[in-house]
Amino acid sequence: MNRHDHDAAILAGAGESPADAWRRRDLDVVWHPCTQMREHPHALPLLPIARGEREWLVGMDGRRYLDAVSSWWTCTHGHAEPRIAEAIATQARTLEHVILAGCTHEPAVMLAERLLAIAPRPPGRAPLSKVFFADNGSAGVEVALKMAFHWFRNGGQPQRTKFVALENSYHGETLGALAVGDIPLYRRVYAPLLAEALFAPSPDAVLAPPGESAEQRAHRAADALAALLAAQGDTVCALILEPLVQCAGGMRMHHPAYLRRVRELCDAHRIFLIADEIAVGFGRTGTMFACEQAGIAPDLMCLSKGLTGGSLPLAAVLATQRIYDGFLDDSRERAFLHSHSYTGNPLGCAAALASLGIFESDDVLARNRTTAAKMSERAASFRTHPNVVDVRQTGMIVAIEMAPGADAGVDGTAVEIAGGRGLRAYREAVARGVLLRPLGDVLYWFPPYCIGDDALDLLAATTRHAIDAAFGGPTCA
Ligand SMILES: *Cc1c(COP(=O)(O)O)cnc(C)c1O
C-alpha cells in the first residue's frame with residue numbers, strides 16, 4: 001500500500017470514503033483549469049479517477065465512466081494504451097530528455113519524418129517540409145503566429161502585422177492564441193492585453209438561413225473574407241482557422257468548399273494560411289487531417305492533442321520550405337529564436353511514434369468510418385427530439401444542440417457546463433456513468449476511437465436522459 005492509499009484507508013476508517021478523501025485533499029491544494037472553483041464541491045463534485053482503460057475511466061469509488069469527450073479531445077486509441085505506455089517506458093529508460101538546441105535525438109527525427117510523410121500534400125503545391133516542436137497546443141499556435149509575422153519582417157514587409165481569424169474561433173489560452181480567438185468569456189477580461197486581430201464571418205453551416213445550403217453558406221462567408229482582404233489584406237501576415245469543425249466554439253461545422261476558397265484567397269493576397277488541426281487532426285474528422293477533405297494544404301499546420309494519442313503534452317508546427325528559408329541568414333535576429341525547455345521531448349515523440357504506428361497496424365481510419373456510421377445511426381433519433389434544434393456530425397464528432405433556454409450559457413456562447421441546463425445535463429450523465437461535458441447548449445460525442453457498440457448504446461441512451469434532465473425532467477442524480 002503506498003502512502004496515499006494508506007492515508008485514504010485511514011480516512012475511510014474515519015467515516016470518509018477514499019473518493020471523498022481525495023476530493024477534500026484536492027480542494028485544499030489544487031486550482032483547476034476552466035473552472036469557477038466556487039462551484040466545487042457542491043454544484044460540481046470532482047470525479048477522482050484511479051485509472052483508465054480503453055474508452056473508460058475508473059473512479060476511486062470503483063465506478064466506471066465512459067469518456068465521451070476523450071479527456072479534452074486528446075485521447076485517440078483509448079486510455080492507458082499498452083503500446084504507447086510501453087514506448088514511453090522504454091524511452092524513459094533510454095533518454096528522457098535532452099536540450100533540442102544543438103542536440104538531436106532519434107524520436108524527434110523519426111517523428112518529424114513521419115509527420116511530413118503523412119501531411120496533406122495536394123498535387124502542384126510545395127509540401128510541408130520542416131517540423132518545429134513545442135509542448136502544448138497554445139504554444140504551437142504562438143509558434144505559427146510568430147513565424148508568419150517574422151517571415152514577412154525578414155522579407156522587408158514589417159507592415160504585415162495583423163492576423164485574420166474567424167468568428168467563434170478558438171486557438172488556445174496564451175495571450176497570442178487568445179488574440180485570435182473569439183469566445184467572449186475566455187477573451188473579454190484579457191482584451192486590453194491582446195494584439196488586434198481581424199475577424200471574418202464564420203462559415204458555420206448552422207448560421208445558414210432557411211433555404212441556404214451549407215455550401216452556399218461557405219461561399220457567402222468566403223465572399224465576406226474576400227472583401228475584408230481586399231480592404232486590409234496588405235496589413236495581414238496570416239489567416240488562422242480550425243478546418244471543418246470549430247470545436248470549442250460548440251462543435252460548429254462548415255463545408256470544405258470554404259477551405260478551398262480560403263486557400264485561393266490567401267494565395268491571391270500572398271498571406272500564409274495556418275491550419276489549426278490541434279483538435280481535428282489525427283483522424284477525428286474521418287481523414288488523418290481535416291484539410292485533406294478540401295484537397296488543400298496550409299503553409300503552417302499546428303498539431304497537438306491527439307499527437308501522442310493523448311498520453312503526453314507535445315505539439316508540432318509543420319512549415320513549408322519557403323517559410324523555413326525566410327529565416328536563413330547570417331543574423332541571429334532573423335532566426336526563429338523561439339524555444340521551450342521541453343521542446344521535442346523524447347518521451348512525447350516516442351509516444352507520438354507509437355500512436356502513429358497504431359493508426360497503421362490497426363487501420364484506425366477504416367475502423368473509424370465504421371464507428372462514425374454507428375454514431376450516425378444513434379444520433380439520427382435526436383433529429384426529431386422536441387428539445388433538440390440541430391444534430392450534426394463530422395467523422396467521429398457528433399453534436400446535439402439543445403433548444404436555447406433562458407438559462408443558456410453566459411452570452412449564449414459555448415462554454416463548458418456554463419448554465420443551469422448544461423450543468424443538469426452533465427450531472428445526469430455522470431450519475432449514469434458517462435463523462436459528457438456540454439459546451440453551452442451543445443451536447444457532443446467525441447469518444448476514443450476504440451469505443452465499442454455497447455458503449456455507444458450507453459452514450460446515446462444517456463444523452464437522451466441528460467437532455468430530459470436539462471429540461472427539468474426526472475433525474476437519477
Ligand atoms: C485545445 C485547442 C488549442 C489549445 O491547445 P492546448 O494544448 O489546450 O493549449 C488550440 N487550438 C484548438 C483548435 C484547440 O482545440
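A cavity here is a set of grid points where a 1.4 Å probe fits but cannot get out, and its lining residues have an atom within 4 Å of a point. With that in hand, let us look at some close-up views of this predicted model.

**View 1. The residues around the largest cavity.** The cavity has a volume of about 40 Å³, and a search of the whole structure turns up 1 cavity of 30 Å³ or more.

View 2. Domain 1 covers 3–80 + 364–470 and domain 2 covers 88–361. Both of them give residues to the lining of the largest cavity, so the cavity lies between them.

**View 3. An open sheet of 7 strands.** To find your way across the sheet, follow the order β4-β12-β11-β10-β7-β5-β6. The pairing is mixed. At the edges are β4 (128–134) and β6 (197–200), each of which pairs on one side only. From one strand to the next, the twist averages 20°.

View 4. Buried means under 20% relative accessible area. In a regular strand, side chains alternate between the two faces of the sheet. On one side of β12 you can pick out Ala315, Val317 and Ala319, and on the other Ala316, Leu318 and Thr320; both faces are covered.

**View 5. The two neighbours of β12.** Strand β4 pairs with β12 in the antiparallel sense, over 6 bridges. Look for Ala134, whose bridge partner in β12 is Ala315. Strand β11 (residues 300–303) also pairs with β12 in the antiparallel sense, here over 4 bridges. In this second pairing, Leu303 stands opposite Ala316 of β12.

**View 6. A parallel pair, β7 and β10.** Strand β7 takes in residues 236–241 and strand β10 residues 272–276. The two run parallel and are joined by 4 bridges. A handy pair to look for is Leu239, which stands opposite Leu273 in β10.

Terms used
Residues numbered from 1 in each chain as written. Predicted model: local features only at pLDDT ≥ 70, side-chain atom pairs only at ≥ 80, totals over all residues. Heavy atoms only, no water. Pairing = 2+ DSSP bridges. Axes fitted to C-alpha atoms, helices over the stretch in contact; angles between N-to-C directions. 1 Å grid on protein atoms, 1.4 Å probe; cavity = no way out; pocket = protein on both sides within 12 Å on 5 of 7 lines; lining within 4 Å. Points joined across faces, edges and corners; volume = space filled by probe spheres on them. Domains from an automatic or database assignment. Buried < 20%, exposed > 50% of the residue type's maximum accessible area, 1.4 Å probe, protein only.
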